[in-house]
Amino acid sequence: MRPPLDRRELVRKELARLEAEIALCDRCYGHEPRLPARFERPGLPPRVLIIGERPPRAVLSAQGRIGPSCRDGGTRFLTTMLREAGIPVEETVCGAAALCRPASRALEKVVPPSVWSRECASFVAQLVRLTEPRLLVPLGHRALRALKIAFPQEDSIRQLRFPAMIGRTVQVGSVLVHPLYHTTVRARVTRPEREQRRDWRRVGRVWEWLASGERGPLPRSLARPP
C-alpha cells in the first residue's frame, strides 16, 4: 500500500489538477489559443493564500508559474512585503481573479472583467478549498469581487467593500480575510509605497497572532461580533 500523501503533497497534486481544468476551459474565449495560469508549489503546507487580479501576460507567455518567485515588479514588491510582515513565502500560494489570458490581445479587449471574474470564480473557489488557508489576502477590488462570486453564501465576504475595508480583518469560518491594495507599480500611485508598507505591517500582526496559536490579545484589525 502507498502511504497517505501529506498535506503539502496533496496540495501540490490538487494544484496540478486545477491547472489542467484551467487549461481546458473555453468559457470566455471559446477554442481560441490561451495562456493559462500555472501555480508555484509551496515548500511547506500552505497557510496563506494571496489572490491578485490577473497574472502579467509576460509571466504567462513564458510558461512561468504565478507565485512569489515571479520577477515582475508587482510580485517582487509583494514578496518584499511578505518578508517584512514575517509571513513565510514557502507557506504562501498565489492565485488570481482571472486565471488565463487569450493569446490575442485584440480578443482580450472584447471580454470585459465582469465576464472573466464571473467565469473564473469556480476556479477561485477551488483554489481556496484545496489550499485551506488560515490567512486569505485579496489584492484589489476585482480579487474581492471574485471571492464574493465564489462564495455567495458567506455574508461576511459579501459585506466587504474596497477600499473601505483596507486594513480590516474579517473572520470567515477558520479563515481570516484581510483585503489590501495591489502591489503593482500602478497601484502604488493610488496607494503609495509608504502606506502599503504600513498596511502589510498590520497584516503581519494578524499573521503573528495566527502563528502563535491565536494566543494573546486580538489584532486591532480583527473585528469580531460581541
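The lining of the second largest pocket takes at least two residues from each of helix 6 (121-131) and strand 7 (175-177). Helices (H or I, at least four residues) and strands (E, at least two) are DSSP runs numbered from the N terminus. The model is a predicted one, in which local features need pLDDT of at least 70 and side-chain atom pairs count only at pLDDT 80 or more, while totals for chains, interfaces and linings use all residues. Residues are numbered from 1 along each chain as its sequence is written, and side-chain values use heavy atoms, with hydrogens and water left out.

That second largest pocket has a volume of about 160 Å³. Among the residues lining it are Val-128 and Arg-129, along with Glu-132, Pro-133, Phe-151 and Val-177. By class, nine of its lining residues are nonpolar, none polar and three charged. Here Ala, Val, Leu, Ile, Met, Phe, Trp, Tyr, Cys and Pro count as nonpolar, Asp, Glu, Lys and Arg as charged, and the others, Gly among them, as polar. On a 1 Å grid over the protein atoms alone, a pocket is an open set of points with protein on both sides within 12 Å along at least five of seven lines, a cavity is a set where a 1.4 Å probe fits but cannot get out, and lining residues have an atom within 4 Å of a point. Points are joined across faces, edges and corners, and a volume is the space filled by probe spheres set on them.

Helix 6 itself is largely enclosed by the rest of the structure, since nine of its 11 residues are buried (under 20% relative accessible area, with exposed over 50% and partly exposed in between; 1.4 Å probe, protein chains only). Phe-123, Gln-126 and Val-128 are among the buried ones. Their cover includes helix 1 (7-24), strand 2, strand 3, helix 5 (113-119), strand 5 (135-138) and helix 7 (141-150), counting contact as heavy atoms within 4.5 Å.

The largest pocket holds about 710 Å³ of space. Its lining runs to 29 residues, and Gly-52, Glu-53, Arg-54, His-182 and Thr-184 lie nearest its centre. Two or more lining residues come from each of strand 2 (48-52), helix 3 (73-85), strand 3 (92-96) and helix 9 (187-190). The class count is 13 nonpolar, 11 polar and five charged.

Helix 3 has buried residues including Phe-77, Leu-78, Met-81 and Leu-82, and what covers its buried set includes strand 2, strand 3, helix 9 and helix 10 (193-211). Glu-84 also sits in helix 3, but counts as partly exposed because its relative accessibility is 47%. After helix 3 comes Gly-86, with a positive phi near 80°.

The largest cavity has a volume of about 100 Å³, and of its 15 lining residues, Cys-25, Cys-28, Arg-34, Cys-100 and Cys-120 are closest to the centre. The lining has 10 nonpolar, no polar and five charged residues. Despite those cysteines, a search of the whole structure turns up zero disulfides (pairs of cysteine sulfur atoms within 2.5 Å). For Cys-28, the nearest cysteine sulfur is that of Cys-120, 6.0 Å away. For Cys-100, the nearest is again that of Cys-120, at 5.9 Å. Cys-100 counts as buried because its relative accessibility is 10%.
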